[in-house]
Amino acid sequence: MDIQLDPARDDLPLMANTSHILVKHYVLDLDVDFESQVIEGTIVLFLEDGNRFKKQNSSIEEACQSESNKACKFGMPEPCHIPVTNARTFSSEMEYNDFAICSKGEKDTSDKDGNHDNQEHASGISSSKYCCDTGNHGSEDFLLVLDCCDLSVLKVEEVDVAAVPGLEKFTRSPELTVVSEEFRNQIVRELVTLPANRWREQLDYYARCSQAPGCGELLFDTDTWSLQIRKTGAQTATDFPHAIRIWYKTKPEGRSVTWTSDQSGRILSVIPALSSQAGMRSSLFSFYRPCVYTVGSPINNRALFPCQEPPVAMSTWQATVRAAASFVVLMSGENSAKPTQLWEECSSWYYYVTMPMPASTFTIAVGCWTEMKMETWSSNDLATERPFSPSEANFRHVGVCSHMEYPCRFQNASATTQEIIPHRVFAPVCLTGACQETLLRLIPPCLSAAHSVLGAHPFSRLDVLIVPANFPSLGMARPSKDKTGHTSDSGASVIKHGLNPEKIFMQVHYLKGYFLLRFLAKRLGDETYFSFLRKFVHTFHGQLILSQDFLQMLLENIPEEKRLELSVENIYQDWLESSGIPKPLQRERRAGAECGLARQVRAEVTKWIGVNRRPRKRKRREKEEVFEKLLPDQLVLLLEHLLEQKTLSPRTLQSLQRTYHLQDQDAEVRHRWCELIVKHKFTKAYKSVERFLQEDQAMGVYLYGELMVSEDARQQQLARRCFERTKEQMDRSSAQVVAEMLF
């Protein structure tokens with residue numbers, strides 16, 4: 001692809017002023033409405049000003065890791081549910097559409113729990129309202145800047161945490177007897193720094209504070225990439241309110257989530273209806289099952305909630321999400337949430353996280369999914385998957401951690417030996433059979449293998465969701481020190497080319513990284529390499545790191561005789577700074593060509609070339625060629641070799657398809673097969689190309705290019721026809737790239 005870069009369009013700004021103030025915790029209270037394709041509600045931010053966190057995290061921006069050097073002293077949190085009272089009341093009237101959100105009414109201003117009056121929220125104040133002067137205020141007012149895009153911000157207010165009973169104990173200063181800004185900020189400062197063994201109490205206080213009344217609206221303004229908030233008279237981050245509530249809603253076109261339908265396809269339903277002429281009659285309706293989920297967008301989650309994007313902003317969160325009762329809500333939380341029925345047609349789900357992580361790691365998925373369960377479990381599986389009891393979860397000293405303090409599994413002796421963590425699998429009902437036959441049985445051995453290679457699992461549980469075909473699985477733009485431009489004093493920066501829609505299809509960096517790890521493993525030997533990986537994970541878990549940290553530690557932990565002139569500098573030179581295939585990989589490639597599996601493939605290629613050269617009419621006594629059974633990786637190599645052939649006859653291609661059942665192979669094999677179909681204009685197999693473009697949309701982008709480059713009218717028509725069918729369901733970046741190819 002000829003990539004024309006436009007810095008004004010392709011660079012992604014990170015606007016949050018993380019050098020001045022950090023979000024330590026988010027509390028989200030959201031409603032999901034599939035009819036309007038909007039998620040709306042409130043988010044409460046608990047902040048810590050720079051004077052406090054700079055001392056603890058002064059070197060994060062230099063080495064992307066915390067230097068607090070506090071030891072983790074507390075055990076793994078047990079899954080729990082903290083009831084969170086809804087931030088608003090609901091009307092008893094319900095819409096009868098299964099896929100509509102629970103109907104909402106206005107907030108009861110006399111709420112006995114002290115919830116905020118939401119009259120202005122209900123009135124639909126537009127974010128276009130000019131709420132503050134965005135000019136240079138100098139030292140007049142401190143400005144909190146959050147990363148934000150494609151959101152309608154309705155209202156921002158300070159939260160009166162002092163109104164929550166019991167929180168006054170967090171004020172250590174005896175002179176603070178009058179409720180003031182300083183008094184409220186002191187409460188938040190103590191709350192966000194509670195020790196890790198009080199994580200349950202901390203989550204409970206966060207929830208109660210999030211429902212406290214407001215104590216004054218804050219001035220705000222939005223532009224394309226940020227939300228700016230200030231309070232008149234608050235001249236520094238220390239003076240700025242440390243707990244704020246934002247009323248907002250997403251937009252259907254927001255790029256952080258995708259509103260689509262699941263894999264069930266069109267569903268037919270017979271619904272009875274009254275007729276004045278014939279009494280009761282039945283009508284046939286068809287519909288798709290809708291779903292919405294975070295997609296790893298280049299803008300991450302800033303179109304889902306206002307946040308701080310730079311990775312230095314490590315935070316925890318808890319969320320209450322309401323949706324129609326027919327939906328399942330999944331999130332990247334530490335607990336296995338179950339629905340709480342609010343009434344017949346509406347359920348609430350609650351998740352939380354106690355491990356500080358970047359806001360980009362927050363995920364949500366809502367859809368009509370079914371939890372898949374193994375029909376039979378072995379006693380071993382049950383023994384390894386049961387959650388820890390309180391007695392088993394007691395803390396034991398197993399080492400010292402270098403990350404900021406949180407309830408860490410690496411400090412729990414039982415957790416470090418848990419090979420298979422509790423996990424759930426969700427999918428549409430139509431995929432139940434495939435999940436039962438294949439996926440469910442693979443997860444336990446995969447988890448066990450990960451534990452054997454890397455050590456303790458960093459999280460206590462896992463949810464696996466089978467997402468629709470439009471999930472952009474080829475990569476995401478993530479902020480890192482290497483990708484950002486100059487960082488301002490406030491912490492704002494720019495990710496170079498972060499918005500380029502073609503960026504996610506540039507896989508060279510992923511491929512080079514993969515082969516570099518393979519090269520190092522082969523050079524050092526599996527035992528040395530995997531031993532280092534376990535040590536590396538244990539040393540740096542819970543922290544942000546750079547690739548040079550990994551390489552430096554690797555070289556420091558291997559014997560001198562195995563280094564063989566390896567250094568961080570020459571690895572960067574060979575693998576990062578040089579274009580093309582690195583020299584070590586070229587040597588390995590030549591050596592790999594002599595391995596048994598590759599030799600077997602070359603022998604099969606020779607057979608197929610011979611078959612292709614045979615005349616259409618053969619002699620009766622001539623024997624049929626016998627082909628060997630090949631592994632999927634061998635099939636990919638076989639098809640790549642055959643792609644180098646100038647011509648392959650339709651008869652040869654048909655025999656290839658029949659011999660290896662190519663239409664039933666994995667996506668990598670089918671992609672190479674489709675390339676052969678396109679190159680040789682094998683019209684009988686065009687259905688396979690159409691299927692690939694619809695079912696493997698991310699990988700299909702490359703195939704669209706090959707169909708158009710061929711300059712064959714029928715192939716170009718096929719490409720345009722498939723795009724018309726799928727463009728509304730495609731990932732936005734993929735659709736943009738394909739549209740530029742086709743039109």
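1. The side chain of Ser 19 makes a polar contact with the backbone oxygen of Asp 489, at 3.2 Å. The model is a predicted one, and the distance given here is computed from its atoms. Ser 19 itself is placed in the loop that runs between β1 (12-14) and β2 (21-33). Its relative accessible area is 9%, which is under the 20% limit, so Ser 19 counts as buried.

2. A four-stranded open sheet has the strand order β10-β13-β18-β15, with antiparallel pairing. Its edges are formed by β10 (257-261) and β15 (328-331), each of which pairs on one side only. From one strand to the next, the twist averages 15 degrees. Within this sheet, β10 is joined to strand β13 (residues 290-294) by five bridges in the antiparallel sense. In that pairing, Ser 261 stands opposite Pro 290 of β13.

3. A further open sheet consists of three strands in the order β4-β8-β7, and here too the pairing is antiparallel. The edge strands are β4 (143-147) and β7 (219-222), and each has a pairing on one side only. The average twist from one strand to the next is 20 degrees. Strand β8 (residues 226-230) runs antiparallel to β7, and four bridges join the two. Phe 220 is found opposite Ile 229 in β8.

4. Helix α19 (residues 667-679) and helix α21 (residues 697-709) have axes that come within 10 Å and cross at roughly 5 degrees. The two helices are therefore roughly parallel, since the angle falls under the 35 degrees set for that class. On the α19 side, the contact involves Ala 667, Glu 668, His 671, Cys 674, Glu 675 and Val 678. On the α21 side, the residues are Met 699, Tyr 702, Leu 703, Glu 706 and Leu 707. Sorted by class, the contact comprises seven nonpolar, one polar and three charged residues. As a general point, an α-helix has 3.6 residues a turn, so residues three or four places apart point the same way.

5. Helix α20 (residues 686-695) deserves a separate entry. Its buried residues are Tyr 686, Ser 688, Val 689, Glu 690, Phe 692 and Leu 693.

6. Arg 714 belongs to helix α22. When its neighbours within four places in sequence are left aside, Arg 714 is in contact with Thr 683 and Tyr 686. Tyr 686 is also one of the buried residues of α20. Between Arg 714 and Thr 683, the separation in sequence is 31 residues, and the distance in space is 9.2 Å from C-alpha to C-alpha.

7. His 509 is located in helix α10 (residues 508-524). Is this residue buried, partly exposed or exposed? His 509 is partly exposed, because its relative accessible area of 45% lies between the 20% and 50% limits. His 509 and Leu 576 are 67 residues apart in sequence, while their C-alpha atoms are 8.2 Å apart in space.

Key. Residues numbered from 1 in each chain as written. Predicted model: local features only at pLDDT ≥ 70, side-chain atom pairs only at ≥ 80, totals over all residues. Heavy atoms only, no water. Pairing = 2+ DSSP bridges. Axes fitted to C-alpha atoms, helices over the stretch in contact; angles between N-to-C directions. Parallel < 35°, antiparallel > 145°, perpendicular 65-115°, else oblique. Contact = heavy atoms within 4.5 Å. Nonpolar A, V, L, I, M, F, W, Y, C, P; charged D, E, K, R; others polar. Buried < 20%, exposed > 50% of the residue type's maximum accessible area, 1.4 Å probe, protein only. Polar contact = N/O pair within 3.5 Å; in protein donor to acceptor, adjacent residues only side chain to side chain.
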